[in-house]
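Student: I am new to this structure. Could you take a close look at the salt bridges for me and walk me through them?

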Amino acid sequence: MERRNSTNQESSEPFVANDSSLRNNRVIPQLLTSVPALNDAASYLSETTSLFTRCFMDYSEPAFTGFGSQEMVTFGSAETRGSSASNAASSSGGDLAVCRPSQPSVDAPLLHEGLSRTLSRKSSNSSSAATNSDDLSEGSSAQILSTNISPNGISIFQGLIERVRRTVRGSADDIGWLQRASHMPPVEDQTDRFVEIIDDIRHGLHGLPNSMVYLLVPGLFSNHGPLYFVNTKTSFSKMGLACHIAKIHSEASVEKNSREIKDYIEEIYWGSRKRVLLLGHSKGGVDAAAALSMYWTDLKDKVAGLVLAQSPYGGSPIASDILREGQLGDYVNIRKLMETLICKVIKGDMQALEDLTYERRKEFLSKYHLPRELPVVSFRTEASISPAVLATLSRVAHAELPTFSASQPAATFPVVMPLGAVMAACAQLLQIRYGEKSDGLVTCRDAEVPGSVVVRPKRKLDHAWMVYSELNDNPSEADASQVCEALLTLLVEMGQRKRHELSNKDE
């Protein structure tokens with residue numbers, strides 16, 4: 001009765017991806033033991049597999065001492081059989097140990113009883129083995145000759161368990177790893193000051209100096225979005241500010257783009273003698289940060305600060321789940337689809353997506369890190385998952401209609417895509433599976449750079465909103481160009497404060 005109550009208590013525990021019980025390496029034992037039927041099935045399968053591998057010998061190979069050496073295996077009463085099978089199952093190690101049965105008697109060992117009786121009948125017919133026959137029929141156990149071969153059945157089952165574990169866990173252990181690292185500096189929340197700057201901008205008060213050059217670094221697939229950052233650049237130009245959009249191959253690797261950004265910064269500096277403020281969106285922020293991390297000795301006198309807007313600085317669960325073995329890419333061919341899209345259709349490099357996985361980001365950040373004297377602002381948002389987002393359309397390009405008269409201007413109409421709906425679906429997926437808030441592609445925790453000033457707006461903004469305007473923009477809210485201006489203004493203020501702190505420290 002006590003055992004039944006404990007089983008009911010275990011089965012009533014909710015299996016939620018964000019639960020603390022899933023944040024350790026014991027996810028599969030808890031998963032199996034929390035479902036009685038699954039636990040019994042796993043126990044039976046492990047014992048049966050173990051007994052089959054011991055009963056059926058491979059006579060085609062001679063026995064030898066070591067891995068294939070022969071041993072005498074004893075099967076006795078029900079209790080002995082249960083303990084033997086349990087030991088065989090637990091000896092395989094790892095996750096298979098959870099399949100140890102709670103009761104000593106199972107149905108699988110009955111196969112050995114029949115085998116023992118058959119051996120007894122055959123032995124009784126031989127006069128030279130009469131004594132052994134009596135011992136086999138009267139004794140409580142039977143000794144059979146078996147080959148200690150590799151338990152293929154157990155290996156297959158253990159591999160299945162490991163595959164299930166990888167599929168269930170996904171990126172749960174990786175999300176927010178930067179915040180859990182003990183050696184990383186803390187962030188500083190300046191959302192309130194950001195809101196004040198936005199309010200000033202909407203009332204016509206602009207604080208960006210024209211003594212600097214503003215470089216916008218686009219993200220993945222930006223080469224195929226003609227309006228990427230265009231509204232922001234146009235707005236800056238109207239204010240008399242020097243603004244450029246970095247012409248990089250957005251589908252190239254982070255290392256390749258970092259070299260191109262370095263060259264771009266040096267070209268701007270030597271042409272204008274003005275320091276550069278960078279704003280990178282999505283992968284563009286990762287590329288810009290990599291350029292400053294790897295070539296800081298060459299750029300420290302030419303760069304005034306960096307803004308990372310919705311950038312997967314710690315990695316992206318979407319990229320990791322697509323490329324990681326045993327995840328979504330294995331079941332619906334998303335990995336093959338992405339390879340075809342990036343490598344063959346748009347002539348890019350698959351490493352551009354691989355560089356955004358948690359494994360690659362951990363490897364890169366272990367070698368390179370942003371200099372502490374560099375002012376850095378992180379901007380992270382949360383996408384809306386309300387049904388109203390399904391009707392949201394983003395303007396990604398303009399198309400011109402042919403004209404039959406040279407005197408008449410060409411008529412244009414916007415090319416729209418339901419990017420808001422796609423981002424909402426991805427954000428809902430990450431919320432359900434990992435319990436993490438995100439902009440649809442990047443979780444909030446992975447977008448915060450350690451040691452930076454962080455902006456966490458309450459307004460729901462998806463990953464595409466920063467660079468593509470919506471058809472139904474709310475005029476009472478700030479648009480993307482105003483948000484970029486506010487982020488850069490906050491960066492300028494932060495740079496001034498850092499220089500003041502450094503000067504006081506030198507004195």
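**Salt bridges, one by one**

Tutor: Helices here are DSSP runs of H or I with at least four residues, strands are E runs of at least two, and both are numbered from the N terminus. This is a predicted model, in which local features need pLDDT of at least 70 and side-chain atom pairs count only at pLDDT 80 or more, while totals for chains, interfaces and linings use all residues. Residues are numbered from 1 along each chain as its sequence is written, and side-chain values use heavy atoms, leaving out hydrogens and water.

A salt bridge is a side-chain nitrogen of Lys or Arg within 4 Å of a carboxyl oxygen of Asp or Glu; by this rule there are 18. R259 and E255 form one of them, with their closest N and O atoms 3.6 Å apart. R259 is partly exposed because its relative accessibility is 39%, and E255 is partly exposed at 46% (buried is under 20% relative accessible area, exposed over 50%, partly exposed in between, with a 1.4 Å probe and protein chains only).

Helix 11 also holds K262 and E266, again four residues apart. Their side chains meet in a salt bridge at 3.3 Å, N to O, and both K262 and E266 are buried.

Now to another part of the chain: E382 and K460 form a salt bridge at 2.9 Å, N to O. This pair links distant parts of the chain, 78 residues apart: E382 is in the loop between strand 8 (376-379) and strand 9 (394-400), and K460 in the loop between strand 11 (453-455) and helix 20 (480-506). K460 is partly exposed, with a relative accessible area of 44%.
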